[in-house]
Amino acid sequence: MSQYDRCSSNSACACYHIAGAIDIGICVDVFVDCSELVTCGDLDKTCYEPNHRCVRHPRCHNRPVCYPVPSFNQRLCPLIPTTNSTTTDTIANATATTTTTTITSATTTQKPFHPLRGSAIDIHPNACWKQNGITVAGRKENGYGTDQLNNPWGLFVDDEQTVYVADPNNHRIMEWKRDVTNGQVVAGGNGQGSRDHQLSYPYDVIVDKETDSLIICDGWNNRVVRWPRRNGTNGEIIISNITCVALTMDENGSLYVVDKEKHEVRRYRRGESEGTVVAGGNGSGNRLDQLDEPTYVFVDRDHSVYVSDWNNHRVMKWSKDATQVIIVAGGQGRGNDHTQLSYARGFVVDQLGTVYVADAGNDRIMRWPKGATQGSVIIGGNGQGGESNQLNWPFGLSFDRHGNLYVVDRYNHRVQKFNIASNA
């Protein structure tokens, strides 16, 4: 399975790839800190202590380290239950009588789904992030160069920590590889327009692994387009006549698209053109069954749909099939108290139901535990500005697979990465 995928019924365990191997790993406790581990041998990636394996660890900056693999590993990280299938072989014995032998084998387990923009490792409830961000895309000045952005909106971070950014004022999608200064245009960038090689104010982007393509909210063209991720020169329209400002995808390949003008989120299963309303759709308003300019969407493993409700300053949760609707963050009017939000924008929900939300109007990122009536500031909140510990209208939000947090810092024309620091 993929690096850092959940591999056990214990949610604190994940798959760490063995250094030098391709798609081979061990299932281990993710909360062993990097400082406790010894670096592997430089040349042969070996470990000299018995019962240790050389693996890549998310908090060691991809530097291979020796991880202890004790004999009780499967008790600490028990395997995810699998469905058993049986086959019956008839074997002739020496006396020409037959004996029936039943051979039981485990079927392949479906790889656990990690919601888009979520972390592959479980985030500790008291986790902290370093307060000084690192600019991984763009810079403070807006522009159209390959090292610049102009009022960026949505972003997506893939397994290799490549950052994709919707750069609407430049009518393009940008890609920044890890640890590079300049990005490259991977969709649009051919001037504003509606032809198949153009975009017009794209607001959001995700990666569809199955088709190795980008799926883009092409805002002012009122459409969703699919664009090849590798050397694509043009896109294809997959949804038309929708004022798309944000989108996501579940493990079945269904798209969830925010329609800002209709104040709703629609789900489009593969091949569908009309879609089904799964949140909102009851006109503009502040009732629990209404939205007022929704701006972001997240779908968890249970297919619950979360939506940021811009003008109501709250984040809403629609359970699967919309049997229940609740407020999970904000909802106390616009303000800067810990019970309030000011124009909620991008957000992510972790495995515990904790909501991490870009509180755009307050220039901060807040954490709201499941069931909490107030949140806490985890990043920003130091006044509006362009310093490394400040934000200026944070818009997009994403974890990488290691638990680091990426923030689209809109009016600073950059993407900031905040490294996870500790469990405190």
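Reader: Which cysteine does a disulfide join to Cys217?
Author: Keep in mind that this is a predicted model. The S to S distance for this pair is 1.7 Å, and a disulfide needs the sulfur atoms within 2.5 Å. Cys217 sits in strand E15 and its partner in strand E18 (residues 244-249), 27 residues apart. The partner is Cys244.

Reader: Are Cys217 and Cys244 buried or exposed?
Author: Buried means under 20% relative accessible area. Cys217 comes out at 0% and Cys244 at 1%. So Cys217 counts as buried, and Cys244 is likewise buried.

Reader: How many disulfides does a search of the whole structure find?
Author: The Cys217 to Cys244 link is one of them. Cys40 to Cys54 is another, with S to S at 2.1 Å, and Cys47 and Cys66 also form one, their sulfur atoms 2.1 Å apart. The search of the whole structure finds four.

Reader: What is the handedness of the link of Cys40 and Cys54?
Author: Cys40 is in the loop between strand E3 (38-39) and strand E4 (52-55) and Cys54 is in strand E4, so the pair ties together parts 14 residues apart in sequence. Both ends are buried, Cys40 at 5% and Cys54 at 4%. With 115° about the S-S bond, the link is right-handed.

Reader: And what about the disulfide of Cys47 and Cys66, left-handed or right-handed?
Author: Cys47 lies in the loop between E3 and E4 and Cys66 in strand E5 (residues 65-68), so parts 19 residues apart get tied together. The torsion about the S-S bond is about -105°, so this disulfide is left-handed.

Reader: Why is Cys15 in no disulfide?
Author: The cut-off is a pair of cysteine sulfur atoms within 2.5 Å. For Cys15, the nearest cysteine sulfur is that of Cys7. That sulfur is 5.7 Å away.

Reader: On to charges: how many residues apart in sequence are Arg117 and Asp204?
Author: Their side chains meet in a salt bridge (2.8 Å, N to O). Arg117 is in the loop between strand E7 (98-106) and strand E8 (128-129) and Asp204 in strand E14 (residues 202-208), so the pair ties together parts that are apart by 87 residues.

Reader: Which residue forms a salt bridge with Glu210?
Author: The closest N and O atoms of the pair are 3.4 Å apart.

Reader: Which side chain does a polar contact of 3.1 Å join to Arg229?
Author: Arg229 is in the loop between strand E16 (223-228) and strand E17 (236-240), and at 12% it counts as buried. Arg229 is linked with Asp158, Asp212 and Arg230 in a network of salt bridges. The residues Arg229 touches include Val207, Ser213 and Leu214. The polar contact goes to Tyr164.

Conventions
Residues are numbered from 1 along each chain as its sequence is written. This is a predicted model: local features need pLDDT of at least 70, side-chain atom pairs count only at pLDDT 80 or more; totals for chains, interfaces and linings use all residues. Side-chain values use heavy atoms; hydrogens and water are left out. Helices (H or I, at least four residues) and strands (E, at least two) are DSSP runs, numbered from the N terminus. Buried means under 20% relative accessible area, exposed over 50%, partly exposed in between (1.4 Å probe, protein chains only). A polar contact is a pair of N or O atoms within 3.5 Å; within protein, one must be able to donate a hydrogen and the other to accept it, and residues adjacent in sequence count only if both atoms are side-chain atoms. Contact means heavy atoms within 4.5 Å. A salt bridge is a side-chain nitrogen of Lys or Arg within 4 Å of a carboxyl oxygen of Asp or Glu. Lists of a residue's contacts leave out its neighbours within four places in sequence.
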